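Hi,

Here is the structure I said I'd pass on. Have a look, and my notes on its aromatic rings follow below.

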Amino acid sequence: MSNQKKRNFQIEAFKHRVVVDPKYADKTWQILDRAIHQIYNQDASGLSFEELYRNAYNMVLHKFGDKLYTGFIATMTAHLKDKSKLIEAAQGGSFLEELNKKWNEHNKALEMIRDILMYMDRTYIESTKKPHVHPMGLSLWRDNVVHSPKIHARLLNTLLDLVHKERTGEVIDRGLVRNVTKMFMDLGESVYRDDFEKPFLDASSEFYKVESMEFIEACDCGDYLKKAEKRLTEEIDRVGHYLDGKSEDKITSVVEKEMIANHMQRLVHMENSGLVTMLLNDKYEDLGRMYNLFRRVTSGLATVRDVMTSHLREMGKQLVTDPEKSKDPVEFVQRLLDERDKYDKIISTAFGNDKTFQNASNSSFEYFINLNARSPEFISLFVDDKLRKGLKGIADADVEVVLDKVMMLFRYLQEKDVFEKYYKQHLAKRLLSGKTVSDDAEKSLIVKLKTECGYQFTSKLEGMFTDMKTSEDTMRGFYGSHPELSEGPTLIVQVLTTGSWPTQPAVPCNLPAEVSVLCEKFRSYYLGTHTGRRLSWQTNMGTADIKAIFGKGQKHELNVSTFQMCVLMLFNNSDRLSYKEIEQATEIPAPDLKRCLQSLACVKGKNVIKKEPMSKDIGEEDLFSVNDKFTSKFYKVKIGTVVAQKETEPEKQETRQRVEEDRKPQIEAAIVRIMKSRKILDHNNIIAEVTKQLQPRFLANPTEIKKRIESLIERDFLERDNTDRKLYRYLA
């Protein structure tokens, strides 16, 4: 760089005064005024926009911005008043076309004028805070054309009339309407809202109010919903074609209010076509349409849900309390499952898997299933039927589906411990008779119950399977140590652990000598290999296969109960026996003996012995003999197969009593657990806590809880507070 001294430059003002022509502003404005006239008259081809811009620039520069601004407004206003008269003069359909044409011309002219006055826009207008050229041009169009007394109302009525025509099926020029509504939008949100949107919504409301009344009188619910859906789609389509996008929510709200919200109750309760009819007839499409329309309005889905819940509860109540429908437990449960499947499909197909509808359905099923005190028993009988024969030949995946459905009903039960009691009885019969379809299916259900209710619920059930496996090993050991028993009758013994299996009183019975000898040998073997154990024979739970030869040498293998075997073996030594003789020889209790003889003598096709006199009931004077004429097309004949049947009334009372007894220690354990952690608690809170804690197993009775509290006080687990008798203290 050079080290020369830098020069300082200084700009000075002109020494002589600059004189401006006094008529400069007027002359320049006249040039600009003529140019604006030419632009509006579409004669701008000969104009020099560069020169015009410079003129406007100089006017602002020489402080004539105000003259330029007011002049531009006055000239534009004059032109717009002329255009307004031309639009007013247009007749019929040409009115909107003329308006649209003049609007387009005004927009083009405004763009040119804005370009010419750009410098004024950026400087003078910015400093004076006045409206810019383009917004001012729009305001002038609004005030002089749109708000012209002879145009304003006519324009609105013409637009509303075109919309009405389109709603009633006529074809209109959507492009023209689009241009006019866009003009409103360009003039500002408030202009579009006040001059068009509000009147449009009011007219729409009136239109749909009248139309909905006509439709609801003439249509059924399904057809009405189709029309409402169609109208909603049309309005959304209309917004897309020629309205502001922000109008969509507003116009759909109008349709929803007038066509749906105002008629909700009438629609859902419409006779022969309302919601209940749709549910009964599986009208998935109509239900889906109702859901989608009603969800758009306040309380719409709540209305649908309430009516569905009410119907479901009433229908379920009839189903579970009808004595006729309760006669067959399997059919009873199958009906429940069918209804559950039906509503699952409705909720998934029509109601979009809405959680609130699923919850309503679940609460309804829980409500009516527990109205029938025998539901736990019936569900267990249904399982018993399926696991005996109903699932034979079915794929594993389908077996799982059936078991999952059973578990769904099980979850609704308030008295799960009652189900456990029956399930244990039925499982015991299946295992002992060897009639279970699949051990895998049995174990799968136990796993599901364990997952649902915990280890305590299924520990005894798992113990039953363990006993069956251990018994197989025991029998192999028994015959291994007695090879001489390979000839003659075969004895298979299941050794059952007392705590795991349903308790049954040991029923006395005199076994035939051939079997009795084997039983004694097994007893000696078992007690010799297991010390400190005791065996008692449950003859009422056993079965036997015996070979029989009838009159003309027909051979059959009879599958009978142990009691039936004892009776039949008596006829090896006697041709005819009286009831009294059979009773004395077998010592089978009278009720069991009568049922046994009934199945042997009174069942058609299974009557291997004859009864005199012939009747359905067994009398103490009856005589019995072998039926030499017995025939069957099968070699193996099952007689009186052990099947799970509904309990008699006394048996039911006994089961209920056992359940109540089993509940007492559970309630006491819950009370102690709660009091141990809380130390002091009042009566109502104990009741609430115990009920909540025991809910997964059963619904605890407050009266029983109170009795258990009293019992614990007597045994010094708890004490009452000295001042407040409703307050309890835990005693460590």
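First, a term: a residue is buried under 20% relative accessible area, exposed over 50%, and partly exposed in between, using a 1.4 Å probe and protein chains only. Keep in mind that this is a predicted model, where local features need pLDDT of at least 70, side-chain atom pairs count only at pLDDT 80 or more, and totals for chains, interfaces and linings use all residues. Numbering runs from 1 along each chain as its sequence is written, and side-chain values use heavy atoms, with hydrogens and water left out.

Now the rings. Those of Phe, Tyr and Trp (its six-membered ring) pair if their centres lie within 6.5 Å; planes under 30 degrees apart are stacked, over 60 edge-to-face, the rest tilted. That gives 24 aromatic pairs. One of them is Tyr57 with Tyr119, tilted because the planes are at 55 degrees, with centres 4.4 Å apart. Tyr57 is partly exposed at 30% relative accessibility, and Tyr119 is partly exposed too, at 21%.

Phe365 and Tyr412 are a stacked pair, 5.9 Å between centres and 20 degrees between planes. Both are buried: Phe365 has a relative accessible area of 0%, Tyr412 one of 5%.

There's also an aromatic cluster made up of Phe478, Tyr479, Phe522, Tyr525, Tyr526 and Trp537.

Last, charges over rings (NZ of Lys or CZ of Arg within 6 Å of the ring centre and within 35 degrees of the ring normal). Arg305 lies over the face of Phe357, 5.6 Å from the ring centre, and the charged end of Lys416 sits over Phe410, 5.7 Å from its ring centre.

Cheers
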